[in-house]
Amino acid sequence: MTSSSDYPAPAAPAAPAAPAAPAASGIAPAPKLLDRLRDHLRTRHYSIRTETAYVDWARRFILFHGKRHPQEMGAVEVEAFLTHLAVQRQVSASTQNQAKAAILYLYKQVLGVDLPWLDGVVQAKAPRRLPVVLTATEVRTLLLHMQGTTGLIAQLLYGTGMRLLEALRLRVKDVEFARREIVIREGKGNKDRITVLPENLIQPLQQQLQKARALHEKDIEAGFGRVHLPHALAVKYANADRSWAWQWVFPSPVRSVDPRPDAVTGALLERRHHVYPESVQRAVREAARLAQIDKPVSPHVLRHSFATHLLQAGYDIRTVQELLGHADVSTTMVYTHVLNKGGRGVLSPLDAL
């Protein structure tokens, strides 16, 4: 079965094909559609996760319509695909909107198709939900059931309010022990910000850095030790990808081939990635089971709990907004529900009997 990633762009009507040019002519074949989409996303510095998601949605869209090329389709086919996701697959509104964003990116940016129906495709309305928040006792019990690197990462999430990937992508140079702060680089929305470094995590983090450094020196001796650098820094600063300052605070125990080619040589290199998100997610779920917490617990719940407990402690909402990295205070306002006790602070008439 032919992979949709090998699905070429439709050829324009032409005369009968001439004999194939010899390989020595140096004429490269036209890139496949999904390869064009992937290259377009990379030139605009989209994250690897966004790239993977958009390419996957484009592939699903093509396969759903029997491998027809997107240029042969229009609003009817896009609406049919999104309806299938909502009705048959019963995906959430956010998932449906992500699929729509990927398809419209394919049409507008890659194919250069500016059709009037693009902006008219219905946007699924995401419901407003209150976040799951743990009590201080539940957080303490949860963390007591976690050990090792994943336990330290969980403490970091609750102690700083970082997102999981922000914690995993933390580099050595961004931990400021003297100033008691952590610099978060290229967070959500490609924004930098500063958050607090808890006193109780200074010694555990220093111990973690010692283990990471020993692992890095072992990689250097084995001829590896090169870490992925953002954008063109690997070209601008030679050997910076081998320096200790740029290494991950939480390196993976194993090396793997980087899916993105090296900025200098263009080759696929074997690097040591950071700890995988799935490892932390599994550890948190298992700890919640052992702690008998009857709530849906994930690493992101620790970020929700961080914000909620700060507001309960009397900190200003603008301060919490800055620590979380929210662009608008209205996003942070979702945590203010904790300031109202017992259903908006109302005394039930049943309790007055």
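I take contact to mean heavy atoms within 4.5 Å. With that cut-off in hand I opened the structure, which is a predicted model.

**Entry 1: overall**

I looked up the makeup of the protein chain and found 14 helices and five strands. Of its 353 residues, 42% are buried. I then checked the contacts with a separation of 6 or more, and residues 24 or more positions apart account for 62% of them.

**Entry 2: helix α11**

I went to α11 (residues 299–312) and asked what covers its buried residues. The cover includes α5 (136–144), α6 (148–160), α7 (164–168), β3, α10 (277–290) and α12 (317–324). I counted how much of α11 is covered: 12 of its 14 residues are buried. Among them are Pro-299, Arg-303, His-304, Phe-306 and His-309.

I compared the span of α11 with expectation. From first C-alpha to last it reaches 21 Å, close to the 20 Å expected at 1.5 Å a residue. Just after α11, I noted that Gly-314 has a positive phi of about 100 degrees.

I picked Leu-311, which belongs to this helix. Its relative accessible area is 7%, which is under 20%, so Leu-311 counts as buried. I also took a distance from Leu-311 to His-337, which is 26 residues away along the chain: their C-alpha atoms are 9.9 Å apart.

**Entry 3: the three-stranded sheet**

I traced an open sheet of three strands in the order β1-β2-β3, with antiparallel pairing. β1 (175–176) and β3 (193–196) each have a single partner strand, so one side of each has no neighbour in the sheet.

I went through the pairings strand by strand. β1 and β2 are joined by two bridges, and Val-175 stands opposite Ile-182. These two strands form a hairpin with four residues between them, and Arg-180 in the turn has a positive phi of about 55 degrees. β2 (residues 181–184) pairs with β3 over four bridges. Across that pairing, Val-183 has Ile-194 as its bridge partner, and Ile-182 stands opposite Thr-195.

Which way do the side chains of β2 point? I found Glu-181 and Val-183 on one side and Ile-182 and Ile-184 on the other, and all are buried. In a regular strand, side chains alternate between the two faces of the sheet.

**Entry 4: aromatic pairs**

I counted seven aromatic pairs. Tyr-46 and Tyr-105 make one that is edge-to-face, with 5.5 Å centre to centre and 75 degrees between the planes. Tyr-46 is in the loop between α1 (33–43) and α2 (48–64), and Tyr-105 is in helix α4 (residues 93–110), so I logged the pair as a link between parts 59 residues apart.

I then took Phe-61 and Phe-81. Their ring centres lie 5.6 Å apart and their planes are at 70 degrees, so this pair is edge-to-face. Phe-61 is in helix α2 and Phe-81 in helix α3 (residues 75–87), so the pair ties together parts 20 residues apart in sequence. Phe-61 and Phe-81 are buried.

**Entry 5: charges over rings**

I searched for charged ends over rings. I noted another at Trp-248, where the charged end of Arg-171 sits 4.1 Å from the ring centre.

**Entry 6: Arg-271**

Is Arg-271 buried or exposed? I read 8% relative accessibility, so Arg-271 counts as buried. This residue is in strand β5 (residues 270–271).

I listed what Arg-271 touches, leaving out residues up to four places away in sequence: Arg-226, Val-227, His-228, Asp-241, Arg-255, Ser-256, Asp-258 and Asp-262. The Arg-271 side chain makes a polar contact of 2.9 Å with the side chain of Asp-258. The side chain of Arg-271 also reaches the backbone oxygen of Val-227 at 3.4 Å.

Terms used:
Residues are numbered from 1 along each chain as its sequence is written. This is a predicted model: local features need pLDDT of at least 70, side-chain atom pairs count only at pLDDT 80 or more; totals for chains, interfaces and linings use all residues. Side-chain values use heavy atoms; hydrogens and water are left out. Two strands pair if DSSP finds at least two bridges between them. Buried means under 20% relative accessible area, exposed over 50%, partly exposed in between (1.4 Å probe, protein chains only). Rings of Phe, Tyr and Trp (its six-membered ring) pair if their centres lie within 6.5 Å; planes under 30 degrees apart count as stacked, over 60 as edge-to-face and the rest as tilted. A charge sits over a ring if NZ of Lys or CZ of Arg is within 6 Å of the ring centre and within 35 degrees of the ring normal. The expected span of a helix is 1.5 Å times one less than its number of residues. A polar contact is a pair of N or O atoms within 3.5 Å; within protein, one must be able to donate a hydrogen and the other to accept it, and residues adjacent in sequence count only if both atoms are side-chain atoms.
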